[in-house]
Every structure is written in C-alpha cells, then in structure tokens.
Amino acid sequence: MIRDLNDSRKEIDEIDKNIVSLFERRMQVANDIAKYKKSTGRKVYDPEREEQKLLTLTGLTDSGFGKLAVDDLFRQIMSISRKYQYQELGSQLPDIPLRVVDKLDYDKDTKVCFFGDRGSYSEQAMLEFFSSGVDPYNKTTFAEVISEVENFNAKYGVIPIENTSTGGISDIYDLLADARVTIVAEHVVKVEHALLGLPGAKTEQIRKAYSHPQGIMQCDEFLKSHPYIEPVKYLSTAGAARLVRESDDPSLAAIGSMRAAEVYGLIPLAEKINTQDSNYTRFIIISNQQVYQRNANKLSLTFEIRHKAGSLYNILANFYYNNLNMTKIESRPIPGRNWEYRFFVDVEGNISDPAVNNCLAGLKEGAGSLRILGNIVTR
C-alpha cells in the first residue's frame with residue numbers, strides 16, 4: 001500500500017522542525033565551547049577531534065550512501081560551528097600583514113617598472129593609472145619586473161594578469177606565489193590589436209607576424225583567415241613592433257596597439273583584428289610596500305589544499321558561510337608535488353570586514369600556505 005503524499009510531507013515537516021530546534025541547541029553549546037576555548041587559549045579547529053567524531057557518526061549507519069551523506073552533513077555542521085565560534089573569538093583571528101592607507105604614495109620621482117617595451121599595453125596601463133606622473137622604465141619579462149620591485153629598484157610594477165578572451169596568464173600566477181610583493185591596485189585596458197607593418201607594406205606581402213603569445217591567441221580568427229601569415233611568438237607586442245621597425249623587411253609585421261605603431265613608426269595594415277570586439281586586459285600594480293587602501297573592495301588570496309577528497313569543497317565553504325562573493329578562482333600545479341595544486345582566489349571584501357576576518361581564520365586553519373596577495377580597489 002502506497003502511503004498518502006500529504007501524510008509523508010507532514011512527517012517530513014515535523015522532522016525538519018526538530019532538526020532546526022536541535023541545530024539551534026547545538027549552536028548554543030558551541031557558544032559555550034567558544035567561551036571555554038577563549039578562557040583557556042585553545043584553538044577553535046581541532047582536526048583530530050573532528051575526525052574521531054565523524055568516524056563515530058558514520059558508524060551509526062550501515063548503508064554506504066548513508067555513511068557518505070552523514071560524513072558530508074556533519075562536516076558542514078562542524079564548519080558552520082567553527083565560523084560561529086570565530087565570531088565569538090575575535091582575539092583569535094589571524095594577524096593581517098597589510099597596513100591601511102588612504103591612498104597610494106607616489107610622485108614624479110617614484111620608480112615604476114612596466115612589462116614590455118614602449119608602446120606596450122602595459123605602458124598604456126601604467127600611464128593611465130599613474131596619471132599625475134612617475135619615473136617609469138621597462139623590463140622585457142614578467143620575472144624581471146617582479147624582481148625589480150622585490151629588490152626595491154622600483155616602488156611599483158605593472159604587469160598583465162588576465163584577458164577577457166584568453167583568460168588568466170598562468171606565468172604571472174606562478175611567479176606571484178613566492179614573490180615578496182603585494183598587489184596594491186589594478187587597471188583595465190581595452191585591447192584593440194592591429195596588424196602593423198613598415199610604411200608602404202601591404203597585407204598580402206606579410207609572411208610573418210610577431211607578437212606576445214596572448215596577442216596571437218586573441219587574433220586567432222584573423223590569422224586563420226590569412227593562412228599565408230605565420231604567427232611568431234615574441235616577448236611582447238611592443239617589442240615585436242620594434243623588431244619589425246629594425247628589420248626593414250616589408251614581409252614582417254607585428255600584432256600590437258596603435259600606440260606601438262606611433263612609437264615605432266609603423267602603419268596599420270589591418271585594424272581591430274582581435275577576435276572579440278569586447279577585449280580587455282586586466283593589469284595589476286604590485287609593490288614592495290605591504291599596504292591596502294581603506295576603500296579596498298577585492299581581496300586576492302593564494303593557498304594550497306591537502307590532496308584528499310572534499311578538501312577544496314571544505315575550503316570553499318569558508319567563503320559561502322561568510323557570504324563572500326568569489327569572483328575568480330585559478331589553479332596551478334605545485335612544482336615537485338604530483339597532482340597537488342595551489343589555488344588563486346579573488347573575493348569581494350575588505351580586510352577590515354568581520355566576515356572577511358572570519359573567512360581568513362577558517363582558511364588559515366584548513367588550508368596550507370595561506371597568503372594574502374593584496375586587497376585592492378576595483379574600478
């Protein structure tokens with residue numbers, strides 16, 4: 001005999017009411033535990049206790065599905081309980097390595113190192129961001145720019161990190177993982193690539209087009225429609241323009257900006273050749289100063305997780321239960337550790353927000369090598 005649906009629903013409603021009541025009772029007890037831990041200086045997170053508790057709870061059911069479900073359910077309940085305890089234990093929140101400032105400090109004598117050559121999009125980003133004027137110079141690799149900032153040869157550095165059509169630049173993430181720099185700001189530039197050649201050259205003459213790998217990827221449809229043009233990877237778009245200018249070879253071209261054409265005396269053979277018209281590159285401004293602006297609204301983090309089932313799920317719960325909107329996540333393999341990954345996350349918030357502090361406390365205890373890369377103002 002099939003039971004009446006309404007009867008089953010009424011019973012579920014009653015069970016759910018009891019679950020809510022028991023959950024609230026559990027949180028009250030968690031509050032007592034928080035007060036005890038605060039008075040004795042004990043940490044909130046006790047992994048051995050949690051694992052023993054989970055073994056006991058999963059042992060109360062015999063079905064395979066039940067064991068997995070109970071394990072998942074109580075891991076989340078414990079996660080919520082920890083967040084609640086962190087709210088009660090403000091003194092146990094992690095130390096923040098950054099100091100707050102009202103605005104970034106720079107003037108016409110401030111050294112700023114940007115990636116690429118004159119005429120690059122990085123130079124454009126630098127000029128637009130530091131509109132009041134600084135003392136800029138360039139380096140031709142990402143690693144060199146970061147090194148200049150780390151070694152205090154430059155106070156700030158400008159490097160690209162993400163493009164709307166080709167995604168994140170993995171080299172930058174790998175370098176930032178261990179770099180002694182802080183992301184202090186970002187600036188977005190609209191990318192409008194052109195095929196740049198020597199004066200008098202024609203598109204049909206071109207046999208090789210030089211550009212940064214990202215520039216080549218962003219113009220893949222144009223290159224496919226001109227199969228006689230061989231794309232050649234180069235250190236930067238502006239460097240490619242300089243190479244073409246110095247070559248004096250009308251069969252060579254560069255993929256770069258109209259500013260690069262102006263700087264190096266080239267002409268546009270074809271304009272707006274990037275595949276996506278809505279093509280933007282996000283640049284980050286890095287510094288050897290550990291600061292963040294008071295009105296910062298985006299936090300960049302990196303952390304490692306244990307190589308076990310559910311690790312990422314449990315870590316990401318810290319953002320969910322603190323109502324923080326994660327805007328980006330990237331994973332990169334950790335050198336020398338097969339199948340283990342380092343994650344880079346952007347999340348909305350300011351370091352001074354209690355919810356952000358609670359999240360950082362949970363991440364610090366649940367993840368390995370947690371590091372705040374920066375807290376910036378988005379534009």
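**Entry 1: helix 5 and helix 6.** I looked up which residues join these two helices, and found that F142, A143, I146 and E150 in helix 5 meet D171, I172, L175 and D178 in helix 6, where contact means heavy atoms within 4.5 Å. By class, the residues of this contact divide into 5 nonpolar, no polar and 3 charged, with Ala, Val, Leu, Ile, Met, Phe, Trp, Tyr, Cys and Pro taken as nonpolar, Asp, Glu, Lys and Arg as charged, and the others, Gly among them, as polar.

I note that this is a predicted model, in which local features need pLDDT of at least 70 and side-chain atom pairs count only at pLDDT 80 or more, while totals for chains, interfaces and linings use all residues. Residues are numbered from 1 along each chain as its sequence is written, and side-chain values use heavy atoms, with hydrogens and water left out.

For the geometry, I read that helix 5 (residues 142–150) and helix 6 (residues 170–178) pack at an angle of about 25°, with their axes 10 Å apart. The two helices are therefore roughly parallel to each other (angles under 35 degrees count as roughly parallel, over 145 as roughly antiparallel, 65 to 115 as roughly perpendicular and the rest as oblique).

**Entry 2: helix 3 and helix 11.** I then turned to helix 3 (residues 64–88) and helix 11 (residues 311–321), which pack at an angle of about 45° with their axes 10 Å apart; that makes helix 3 oblique to helix 11. Helix 3 contributes D72, R75, Q76, S79, I80 and K83 to the contact, and helix 11 contributes Y313, N314, A317, N318 and Y321. I find 4 nonpolar, 4 polar and 3 charged residues in this contact.

Entry 3: I checked I286, which touches, among others, I146, V149, I159, V181 and I183, not counting residues up to four places away in sequence.

**Entry 4: Q85.** I asked where Q85 sits, and its place is in helix 3. At 5% relative accessibility, Q85 counts as buried (under 20% relative accessible area, with exposed over 50% and partly exposed in between, for a 1.4 Å probe and protein chains only). The C-alpha atoms of Q85 and N31 are separated by 6.4 Å, although the two residues are 54 residues apart along the chain.

Note on methods. Axes fitted to C-alpha atoms, helices over the stretch in contact; angles between N-to-C directions. Helix = DSSP H or I, 4+ residues; strand = E, 2+ residues; numbered from the N terminus.
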